[in-house]
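Subject: Structure handover

Hello,

Here is the structure I said I would pass on. My notes on it follow below.

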Amino acid sequence: MIRANATKIKDPNSRESLFLYKEMLGSGLAPDCITLPFVVKECSNRFDGLMGRAIHAHAVGFGYEVDVYVQNALISLYSECGVLEDAMKVFDEMPHRDVVSWNSMIVGCLRGGELDTALGLFREMKERKNIITWNSVITGLVQGGRAKDALDIFHEMQTLADEKGNTVGPDKVTVASALSACASLGAVDQGKWVHSYLERSGLKCDMVIGTALVDMYGKCGCIETALEVFYGMPVKDVLAWTAMISVLALHGYGDKAFEVLTEMEEAEVRPNAVTFVGLLSACAHSGLVQKGRWCFYKMKNCHFIEPQAQHYACMIDILGRAGLFAEAEELIRSMPMRPDVYVWGALLGACQLHGNVELGEKVARYLIDSEPNNHAFYIVLCDLYGKCGRFDDRKRIRGLMEEQGVRKSVPGSSMIEVDGVVYEFSVKGSSEMMPLAALESVLMALSNEMKIETVISSGIIE
């Protein structure tokens, strides 16, 4: 009964399995190594760390503190509740670990943002990895902003599968995560390789992978290929349609995005809130003010989707880019929720674009008061002052930044794909490419070459 209630989907406020456990104890029956993991699972499902600790104490009291099933459940509990150090303590004290123990700890580290710790555990597993291990690490790295590392792990997995017939090979989840990594990096050659691997391996291209392919090709700038994959999908859900619309929006194909919306409605697929974020973004990037107003109205009145902050931010972006500041301010005042940093940021960006110093100054000061350590707002305000010749004010803001120790926390960087290999260039230098001084030398040589060509083309040297 405890197991049935702990594993079934039910009212989140229900505590049946815990009540049954209490009743069991009250009747004089002691739990065993099967009972306790399911009670701990109930605590994990409701993120109840306090109750979970009490059950942990029961496990110790009944002599099951070193049982592998109980300890695995405790690792998941503490990870779910955000107490990673306690999960690691349970893991370190385990006399025997199975693959579930390792996977639970790795997933906990990935969810807690401890990506290097997760990778260390992954390497320590050696031959014990299963498909869940590989997929968890690859997906976790992509979601944690380490797409290049995720691709390296994917290639390692594929290589091992080719070399050893009994080694776990990539499945559809792995391929979808690898495609997401390629999309994040803009690595179209690697994306094409993953696509070809998919075809060679005989894996079925379902809606999830088809959507990932559309997203990857679109973000890498291959719009025609993205459209070809999209229209080749026999069945498309709302995520697939939304991915195609978002890709078109990203590259400023506003009219085509609305054509796809029409096809989506003809296919009787209802757009969701994310679909309208894509459509409004398309309007912003394409300068389609009237269509943006129509889209915002249609979302509320035809599809009964209440606009969220991101929808308002898109509308402010549309109006701001068109210089319609009065309408943008009126829309902000009408918002049912408090405008967030993205809404004000869209208005500030519009002020920077059009040189609206008076409004931009007020918005920037508000944002600086709200997030005093965000360097971007100071930089935009300095730019506004510079454009209108208020150099003393610009100097004052830069001095304020130095005084408060505000600086970019992450150094600027860019990535380029050469012969299927992704290289990163950063202001702090790159361990993968030539030293920064050598790069500067190359850039100087190219600059000088361009100057010579300019002089020749202008007719100064014949």
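Which residue just after α21 takes a positive phi of about 70°? The residue is Gly355.

Before the rest, some ground rules. This is a predicted model, in which local features need pLDDT of at least 70 and side-chain atom pairs count only at pLDDT 80 or more, while totals for chains, interfaces and linings use all residues. Residues are numbered from 1 along each chain as its sequence is written, and side-chain values use heavy atoms, leaving out hydrogens and water.

Helix α21

Helices here are DSSP runs of H or I with at least four residues, numbered from the N terminus (strands are runs of E, at least two). Helix α21 covers residues 341-354, which is 14 residues. From its first C-alpha to its last it reaches 20 Å, close to the 20 Å expected at 1.5 Å a residue; the expected span is 1.5 Å times one less than the number of residues. At the N-terminal end, Asp340 caps α21, with a side-chain oxygen 3.1 Å from the backbone nitrogen of Tyr342.

Buried means under 20% relative accessible area, exposed over 50%, and partly exposed in between (1.4 Å probe, protein chains only). The buried residues of α21 include Trp344, Leu347 and Leu348. The buried residues of this helix pack against α19, α20 (325-333), α22 and α23 (375-387).

Leu367

Leu367 sits in helix α22 (residues 357-370) and is buried, at a relative accessible area of 2%. Leaving aside residues up to four places away in sequence, Leu367 touches Val341, Trp344, Gly345, Leu348 and Phe377, where contact means heavy atoms within 4.5 Å. Leu367 and Trp344 are 23 residues apart in sequence, yet their C-alpha atoms are 7.5 Å apart in space.

Two phenylalanines

Most residues other than glycine have a negative phi. Phe47 has a positive phi of about 50°; this residue lies in the loop between α3 (35-45) and α4 (49-61) and is exposed, with a relative accessible area of 54%. Phe304 has a positive phi of about 55°. The loop between α18 (289-301) and α19 (309-321) holds Phe304, which is exposed at 66%.

Cysteines

A disulfide is counted when a pair of cysteine sulfur atoms lies within 2.5 Å. The count by this rule is zero disulfides. Cys283 is in no disulfide, and the nearest cysteine sulfur, that of Cys295, is 5.5 Å away. Cys283 counts as buried, because its relative accessibility is 1%. For Cys222, the closest cysteine sulfur is in Cys220, at 6.2 Å, so the two are too far apart for a bond.

Regards

Notes:
A polar contact is a pair of N or O atoms within 3.5 Å; within protein, one must be able to donate a hydrogen and the other to accept it, and residues adjacent in sequence count only if both atoms are side-chain atoms.
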